[in-house]
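This report looks at a structure with attention to how its chains meet and how some of its side chains are arranged.

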2 protein chains.
Amino acid sequence: MQAITSVHNPVIQAAKALQTKRGRDESGLFLCEGEHMVAEAVMNPPGDVRILFVEENQATKYAALPAAAPQAAVYAVSAQVLKAVSQVMTPQGVVAVVKKPETAGLARLGKHVALLENVQDPGNVGTMFRTADAAGFAACVLTPGCADPFSAKALRATMGSVFRVPCAEAESAAKAAREMKEAGYAVIATTLDGEDFYERAPLPEKVCLMIGNEGAGLTNEAIKEATHRYRLPMRGGAESLNAAVAAAIFMFEIAFRG
Amino acid sequence: MQAITSVHNPVIQAAKALQTKRGRDESGLFLCEGEHMVAEAVMNPPGDVRILFVEENQATKYAALPAAAPQAAVYAVSAQVLKAVSQVMTPQGVVAVVKKPETAGLARLGKHVALLENVQDPGNVGTMFRTADAAGFAACVLTPGCADPFSAKALRATMGSVFRVPCAEAESAAKAAREMKEAGYAVIATTLDGEDFYERAPLPEKVCLMIGNEGAGLTNEAIKEATHRYRLPMRGGAESLNAAVAAAIFMFEIAFRG
């Protein structure tokens with residue numbers, strides 16, 4: 001195992017660049033840290049971990065990781081060097097540089113798909129991946145206005161689901177909705193003035209669920225392309241639900257009620 | 001309108017004390033800030049706003065508030081003084097000191113009740129209030145291990161629902177569950193090893209939904225008191241859902257599917 005002792009080492013500088021969206025976009029790589037997330041990265045799918053930085057005094061604890069990722073370059077680093085690439089207050093001894101998963105074409109995605117338009121909060125984007133995973137959704141499609149699911153905060157909220165649920169990018173929600181319709185999907189717009197989702201007729205086999213921005217909801221362009229418009233009923237005085245909560249109720253209804 | 005120009009003014013010091021849980025517990029008061037939340041405080045229920053601090057150069061914008069809360073002491077304060085009582089980076093010109101809503105006795109709560117045991121994240125507690133409101137739940141019952149719903153972060157996540165959904169305190173979830181059973185409620189434990197919630201028999205009229213800690217789930221003592229144990233099915237590789245998301249799926253199923 002090679003040792004890196006300086007934060008000025010070019011490998012460390014290159015890894016640090018992945019803390020920004022620009023660095024991630026340019027390289028197709030992202031940072032992943034902590035025991036649980038790095039273990040997920042090593043497993044899903046194997047071969048995508050490019051670099052492992054292991055804190056020198058925790059090499060024994062993390063001995064299984066290099067063995068499970070034989071293609072990865074492994075570096076023993078000091079606590080100070082690890083802190084430079086880490087994005088949390090208390091690093092957990094291991095940071096990985098991982099290749100972003102390949103994305104499938106929109107039309108070949110499988111039965112249930114979530115289409116996120118301008119979902120801005122990284123925690124919401126991450127939580128939506130986690131929920132999509134649990135509900136058996138085939139993919140999450142994101143517009144450029146969404147928070148990056150490979151940022152540190154979003155990744156934490158995914159709890160590793162980003163390794164299991166394919167992520168595709170769409171130029172716009174309206175364009176993606178058109179493509180999905182042509183591929184035979186029902187496209188649901190979630191809007192406060194839609195029909196009561198609990199009063200719906202049974203849904204078709206293939207469903208694309210569109211989820212909009214936390215404050216503004218879906219754009220009119222996206223809503224126009226929908227085949228169905230639904231809202232969740234509100235009983236009390238609440239005007240709306242947390243975005244990740246609303247998305248989850250829709251996803252579980254689609255997955256388990258149809 | 002009286003003016004306060006110094007952060008050392010005793011009224012300001014007393015308000016600042018409400019930034020801590022201890023200060024809120026000892027006084028039965030809490031801080032509420034921003035246009036939307038203070039407007040909710042003034043309306044629900046009227047009479048509970050004790051003090052309004054209005055930034056001097058925004059008195060016109062907030063002129064309707066003192067009129068709607070005639071019982072409140074109103075102070076014009078400088079931006080610097082407002083910042084001292086505020087808990088956000090960019091104060092929005094108004095902070096209120098509000099009396100905590102009265103709590104009802106456990107057994108008289110109404111049809112659907114959420115019982116939160118050791119839910120630690122203030123955002124989760126707040127989001128659960130917001131969801132409970134939307135699902136028409138009659139109350140949220142909290143154990144001492146829960147985050148304080150009247151903290152700044154939790155309040156923001158409630159989006160004002162804390163003014164509409166009564167909050168009751170319980171010594172322990174197990175004790176509250178026993179009382180609820182005696183009052184005729186079905187008590188549901190949400191656990192990863194329960195029965196599939198989507199395969200359930202129709203639920204009785206009165207339901208108490210128990211939600212546990214984000215990491216550890218419900219305590220064994222609480223689970224032992226349950227009349228039903230349910231889990232949400234997981235289709236993908238996800239092992240669990242975000243706590244506020246899981247709570248929401250259960251609440252909406254109970255409210256709209258029964």
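**Interface between the chains**

The model is predicted. The size of an interface is often given as the accessible area lost when the parts come together. Chain B and chain A bury about 2,700 Å² between them, and carbon and sulfur atoms account for 59% of it. In chain B, the residues that lose the most area to chain A are Arg130(B), Arg235(B) and Arg257(B), which together make up 23% of what that side buries. The contact draws on 30 residues from chain B and 30 residues from chain A.

Two salt bridges are counted between chain B and chain A. In a salt bridge between Arg257(A) and Glu253(B), the closest N and O atoms are 2.5 Å apart. Polar contacts between chain B and chain A involve 16 residue pairs, counted with both residues at pLDDT 80 or more.

On the side of chain B that touches chain A, α6 and α10 (243-256) each supply at least two residues. The largest share of that side, eight residues, comes from α10(B). Sorted by class, the side of chain B that touches chain A has 15 nonpolar, eight polar and seven charged residues.

**Aromatic pairs**

Over all chains, the structure holds 14 aromatic pairs. Two of them are set out here.

| Pair | Ring centres apart | Angle of planes | Class |
|---|---|---|---|
| Phe30(A) and Phe150(A) | 4.6 Å | 45° | tilted |
| Phe30(B) and Phe150(B) | 4.6 Å | 50° | tilted |

In chain A, Phe30(A) sits in strand β2 (residues 29-33) and Phe150(A) in the loop between β7 (139-142) and α7, so the pair links parts of the chain 120 residues apart. Phe30(A) has a relative accessibility of 0% and counts as buried; Phe150(A), at 6%, is also buried. Phe30(A) and Phe150(A) form one aromatic cluster with Phe163(A).

In chain B, Phe30(B) lies in strand β2 and Phe150(B) in the loop between β7 and α7, so this pair ties together parts 120 residues apart in sequence. Both Phe30(B) and Phe150(B) are buried.

**Positive phi angles**

Most residues other than glycine have a negative phi. Met159(A), although not a glycine, has a positive phi of about 55°. Met159(A) lies in the loop between α7 (152-158) and β8 (167-169) of chain A, and its relative accessibility of 37% makes it partly exposed.

Asn118(B) is not a glycine either, and has a positive phi of about 55°. Asn118(B) is found in the loop between β6 (112-116) and α6 (122-134) of chain B. With 25% relative accessibility, Asn118(B) counts as partly exposed.

Notes:
Residues are numbered from 1 along each chain as its sequence is written. Chains are lettered from A and ligands numbered from 1 in the order in which they are written. This is a predicted model: local features need pLDDT of at least 70, side-chain atom pairs count only at pLDDT 80 or more; totals for chains, interfaces and linings use all residues. Side-chain values use heavy atoms; hydrogens and water are left out. Helices (H or I, at least four residues) and strands (E, at least two) are DSSP runs, numbered from the N terminus. Buried means under 20% relative accessible area, exposed over 50%, partly exposed in between (1.4 Å probe, protein chains only). Contact means heavy atoms within 4.5 Å. Buried area is the accessible area (1.4 Å probe) that two parts lose on being put together, summed over both. A salt bridge is a side-chain nitrogen of Lys or Arg within 4 Å of a carboxyl oxygen of Asp or Glu. A polar contact is a pair of N or O atoms within 3.5 Å; within protein, one must be able to donate a hydrogen and the other to accept it, and residues adjacent in sequence count only if both atoms are side-chain atoms. Ala, Val, Leu, Ile, Met, Phe, Trp, Tyr, Cys and Pro count as nonpolar, Asp, Glu, Lys and Arg as charged, and the others, Gly among them, as polar. Rings of Phe, Tyr and Trp (its six-membered ring) pair if their centres lie within 6.5 Å; planes under 30 degrees apart count as stacked, over 60 as edge-to-face and the rest as tilted.
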